[in-house]
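Subject: Structure for you to look at

Hi there,

Here is the structure I promised to send over. Please open it next to this message, and my notes follow below.

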Amino acid sequence: MQVSLSFERSLSKDVAIMVDVLRASTTINTALEKIPNIIPTLEIEEALALAPKHQAFLAGERRGATIEGFDAGNSPLEIQNLHGETLIITTSNGTRILKGITGRALVGSFINAQTVARKAKEIATDHIEVVMAGVRGNFAIEDFLGAGEIISHLQDQELDEMAQASCLAIENPEKVDKAVRNSRSARNLMKLGFGEDIDFCIQRDKSKLVPEFKDGIIRVLE
């Protein structure tokens with residue numbers, strides 16, 4: 001089995017894991033604990049139009065800030081306060097990457113790294129790709145390290161050099177946590193008052209859920 005690490009664009013026709021550590025991957029995973037259906041949208045207007053039809057909550061951000069009038073931001077802590085059947089979410093990076101994946105699309109981060117790696121290995125036929133979401137087209141260190149956490153559970157497979165590098169990068173958990181907290185994304189979130197979200201997002205293997213994006217909806221892959 002080949003395991004590759006890519007940035008922004010997915011090339012795999014087999015299985016791809018989208019990683020957006022701060023915060024879409026974590027928020028989606030946390031939301032699925034209480035809300036069975038999540039609809040990601042690219043645009044705010046699309047989210048607003050779909051909400052009445054699905055009697056859905058709205059969550060989302062632009063440049064980290066909560067969208068005015070939405071029920072929650074792209075915050076795993078805020079999302080825990082919502083209970084219902086459907087959530088519509090729009091984010092700057094993660095939802096865009098998900099919609100560009102042509103193979104089976106899973107969602108991973110630190111909080112479900114081991115579980116999503118195991119499930120990907122279970123369902124893939126020859127190629128697992130881990131896709132870093134980045135920030136508006138720029139490399140984000142937290143996604144590289146989150147990808148490394150996932151790929152560290154796939155080291156018995158054939159890793160490309162980028163995937164190998166991500167594994168080496170996460171060997172010291174204390175340094176990983178420090179790097180995430182000092183990242184450009186984290187500093188922006190702290191300015192916006194979302195410092196607690198950062199600590200939540202770097203918890204290891206807190207969740208046993210594997211989100212899958214299929215036919216326009218994210219649900220738990222059993």
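Which helix gives the most to the lining of the largest pocket? That is α9 (residues 184-191), with 4 residues.

Before the rest, a word on the source: this is a predicted model, where local features need pLDDT of at least 70 and side-chain atom pairs count only at pLDDT 80 or more, while totals for chains, interfaces and linings use all residues. Residues are numbered from 1 along each chain as its sequence is written, and side-chain values use heavy atoms, with hydrogens and water left out. Helices (H or I, at least four residues) and strands (E, at least two) are DSSP runs, numbered from the N terminus.

Back to the pocket. About 280 Å³ of space lies in it, the volume being the space filled by probe spheres set on grid points joined across faces, edges and corners. A pocket here is an open set of points on a 1 Å grid over the protein atoms alone, where a 1.4 Å probe fits, with protein on both sides within 12 Å along at least five of seven lines; lining residues have an atom within 4 Å of a point. The lining has 19 residues, and Gly64, Val135, Arg136, Ser185 and Asn188 lie nearest the centre. By class, 3 are nonpolar, 9 polar and 7 charged (Ala, Val, Leu, Ile, Met, Phe, Trp, Tyr, Cys and Pro count as nonpolar, Asp, Glu, Lys and Arg as charged, and the others, Gly among them, as polar).

Next, the helix pairs. The axes of α6 (residues 141-151) and α8 (residues 173-181) come within 9 Å and cross at roughly 150°, so the two are roughly antiparallel (over 145 degrees). Axes are lines fitted to C-alpha atoms, for helices over the stretch in contact, and angles run from 0 to 180 degrees between N-to-C directions. Ile141, Glu142 and Leu145 of α6 meet Val176, Ala179 and Val180 of α8, contact meaning heavy atoms within 4.5 Å.

With α7 (residues 161-169), the axis of α6 comes within 8 Å and crosses at roughly 95°, so this pair is roughly perpendicular (65 to 115 degrees). The α6 side of the contact includes Phe144 and Leu145, and the α7 side includes Met162 and Cys167. By class there are 9 nonpolar, 2 polar and no charged residues.

Finally, the peptide bond from Leu22 to Arg23 is cis, with omega near 20°.

Best wishes

Technical notes. Angles under 35 degrees count as roughly parallel, over 145 as roughly antiparallel, 65 to 115 as roughly perpendicular and the rest as oblique.
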